Amino acid sequence: MRNEPKKVNQPKKEASPAKSSSGKSFELPNFSEMLTGSALRNIAGFGLLLFTVILGVSMLSYLFTWQHDQSLVTGSAWSFLTNGEIEADNWLGRLGAWLAHTFVFAGFGISSFFIVFVLALVSLRLIFVDLQWPIARHFYHSILLMLTASFTLGYVFEGLLGSGFPWGGAFGKYLASWLSKFTGALGTGLLVAAYWTVYAAVRYNLSFKAASLLPKKRASDEEEDEEPQASVNVQRVVKPREEQVSPTIDLTKGLDAEEDEDEAPWLEEEEELLADEEIPEPVLKNPEPIPTSVGPALEIEEIAEEEPAVLAESGVVLSEQELYDPKLDLSNYKYPPIELLVEHGTSKVQINAEELEKNKNQIIETLGHYNIEIDKIRATVGPTVTLYEIVPAAGVRISKIKNLEDDIALSLAALGIRIIAPMPGKGTIGIEVPNQHKEVVSMRSLLASEKFVNSDMELPVAIGKTIANEIFITDLAKMPHLLMAGATGQGKSVGLNAILVSLLYKRHPSELKFVLVDPKKVELSLFKHIERHFLAKLPGTDDAIITDTMKVVDTMNSLCIEMDKRYDLLKDAQVRNLIEYNTKFRKRKLNPNNGHRFLPYIVVVIDEFADLIMTAGKEIETPIARLAQLARAVGIHLIVATQRPSVNIITGTIKANFPARIGFKVSSKIDSRTILDAGGAEQLIGRGDMLLSLGSNLIRLQCAFVDTPEVEAICEYIGGQRGYPDAFLLPEYSSGEESSSVADFDPNDRDPLFEDAARVIVANQQGSTSLLQRRMKLGYNRAGRLIDQLEAAGVVGPFEGSKAREVLIPDEYSLEQLLNRLNEK
């Protein structure tokens, strides 16, 4: 087969500009383009709003002027409206009198105001594109209420009371009259009462119980029966325009010698930018059943098994509505609104044809200097970087192009040139070139996108956008741990804030807790406002954000204890991971009296890991490595960040357990290989430009930007709501030095609350300082001294590292004997 010259699709020819008598060209206004997209939307919206106001005023005036105007509206509409001798009392004259007569008298009576309500919603939705009212749901409810209210008003006021005012309009009067003749006045009244009772029960989810007629149950059953129905927190997210994907541009035009570049431009957009259009309501998927509302129409994700839940060891069958809901403690919690975030920049990709043409020519010329021919070249424009994909001619070695990285960067006079040879899954070679004018990726555009709103991930994280301007969302629960590194000022702290903000917008305080470690004391201090909602800390700690190195070591060891306890719970429940355990707990198949509880996710964020390694060394590395190896299945996930990705900081033990890594701009290729196991991070352009490694793939992303005032506003919004009494308390952990004081304890010098504390410990069979704090309302220091005294007296065992203290006294009778012996001394 002979080789034929490749043909490139010619762009559609546009209308030639008109020329004046002087020969200069000028363009005529294109009215068809002016009346598309948002222009038509605004015209329709304001027009419909004007009609809605006119209709509403006309009907309102009809309530006061109907007696005079009713007799005037006779004959056809045209003859009435054009007859200048008729003077109507309606506030809008003959037009208002005719509209009110049509909708109220000849229509549905007073209930016609539902039509005004629906029209107002539609018009405002057309005008304001960011309003996310559920139009369809309101439309159906309004039509149903209008029809039934018209019938009810016609039956009561016109049928029974004989009122002259058309309360139900012609529709209600006719239907009530027909039904009264069919079932009688009493039967019609019973039907009306039955309908509104059923409607109220269905609409407001009312339940009717006959508990008072049944034999009295035990107290525990009564509490269970009287438990209020689980209220649901709905996260309303305003969705902007449809997510825009960067156009792919064919730059091949001009490579064929037979084509004349003067006849048509080489630039052709294969995908048009999405025009403004009405966006359907997003669907938010949460793991728990929630009602239709983020205005949304919310999708209900039900538990897979259809059998009714059974409470372990009791045999009580529970309906689906009586499943345990961990959100009930904060049932009025409201997710932060999207308005707290600022729309930085624009979500549209700005295509600079001149820049693309120049870069294309420079790439072709540079490759031509080395006798490298290419068959095709095309560009994908992203927010900060443009990807040029080239198809080399047959016989050209890929390594030959790869070695020209510096030469291409020199010819383009640009930093951050990266060559991907070959492109994964494609038969092309990619050349990434930074744009002259870079777009800011706003965090608001990501969180308001349909992709994030509809995400059913356990811990969804909206990191940024790809080169193709596609929103990139990943699940932290599947990573399962993340390692971040980058030089100072390259976007690492903003990246941490983006991850935390994503989780705050998606998860309820009962489902997620943070352990924040901030040696610099300023990076994560903004999150102190959410301590009673989302933060976890050691018992007796004043500040939930950990800044002291020794407290970091204790916290990591405490998390290891928590991990071991969770694995024991999973073992008893005969499940393999956190999702299965919590599902079983919600179905009340796990008895809380046996120590079972709902387990929230715990995300540990460690900033400036290098500083911790320098000061604590193996003390901090060992528990972190243990958590990274084992904690995934029990819902504990680590995010570790550092600005020094050297081999003595990020050791092999750490790297082996952090498969997901993010590299911002670093100073050398060695640092890039340390963090990503590949070069490339040293060629990034900074300001949020990053490489994400998920296994063997490297993805270049532009990190979403969320400013400090935005994070502060979100935290203050959450912190201003009712929270838990205290932060989530981790298991107590004390170093060996602290427990050594037990040997010096004098049994005769006991605390006045010693005996009460002993009874609490034995009754609960739990040797815990936090237990004494909660039950006896003590401070941490006094509770700790009591635990030391109880150890010396033989009530609890010694401290055993990650294991909880053993209670040595089996029952209260044995305890009383021990106390009597101590009192005799």
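Trainee: Which residues form one aromatic cluster with Tyr62?
Mentor: The model is predicted, so local features need pLDDT of at least 70 and side-chain atom pairs count only at pLDDT 80 or more, while totals for chains, interfaces and linings use all residues. Residues are numbered from 1 along each chain as its sequence is written, and side-chain values use heavy atoms, with hydrogens and water left out. The cluster that holds Tyr62 also contains Trp66, Phe157, Phe165 and Trp167.

Trainee: How many aromatic pairs does the count come to?
Mentor: Rings of Phe, Tyr and Trp (its six-membered ring) pair if their centres lie within 6.5 Å, and planes under 30 degrees apart count as stacked, over 60 as edge-to-face and the rest as tilted. By this rule, the number of aromatic pairs is twelve.

Trainee: Is the pair of Tyr333 and Phe534 stacked or edge-to-face?
Mentor: A pair of aromatic rings is described by the distance of the centres and the angle of the planes. For Tyr333 and Phe534 the centres are 6.3 Å apart and the planes stand at 70 degrees, so the pair is edge-to-face.

Trainee: How many residues apart are Tyr333 and Phe534?
Mentor: Helices (H or I, at least four residues) and strands (E, at least two) are DSSP runs, numbered from the N terminus. Tyr333 is in the loop between β8 (317–318) and α9 (353–369), whereas Phe534 belongs to helix α15 (residues 531–534). The pair therefore links distant parts of the chain, and the separation is 201 residues.

Trainee: Are Tyr333 and Phe534 buried or exposed?
Mentor: Buried means under 20% relative accessible area and exposed over 50%, with partly exposed in between (1.4 Å probe, protein chains only). Tyr333 has a relative accessible area of 3%, and Phe534 has 0%. Because these values fall under the cut-off, both residues count as buried.

Trainee: Which strand holds Phe514, the residue paired with Phe534?
Mentor: Phe514 and Phe534 form a tilted pair, at 6.2 Å centre to centre and with 40 degrees between the planes. Both residues are buried. Since Phe534 lies in helix α15, the pair ties together parts that are 20 residues apart in sequence, and the strand of Phe514 is β16 (residues 512–517).

Trainee: Which residue of β22 is the bridge partner of Asp689?
Mentor: Two strands pair if DSSP finds at least two bridges between them. Strand β22 (residues 697–703) runs antiparallel to β13 (residues 460–466), joined by three bridges, with Thr466 opposite Leu701. Strand β21 (residues 689–694) also pairs with β22 in the antiparallel sense, over six bridges, and in their hairpin, with two residues between the strands, Gly695 takes a positive phi near 80 degrees. Within β22, the bridge partner of Asp689 is Gln702.

Trainee: Which residues is Arg418 in contact with, leaving aside its neighbours within four places in sequence?
Mentor: Arg418 lies in strand β11 (residues 418–420) and is buried, with a relative accessible area of 9%. Contact means heavy atoms within 4.5 Å. With those neighbours left aside, the contacts of Arg418 are Glu405, Gly430, Ile431, Glu432, Gly680, Gln683, Leu691, Leu698 and Arg700.
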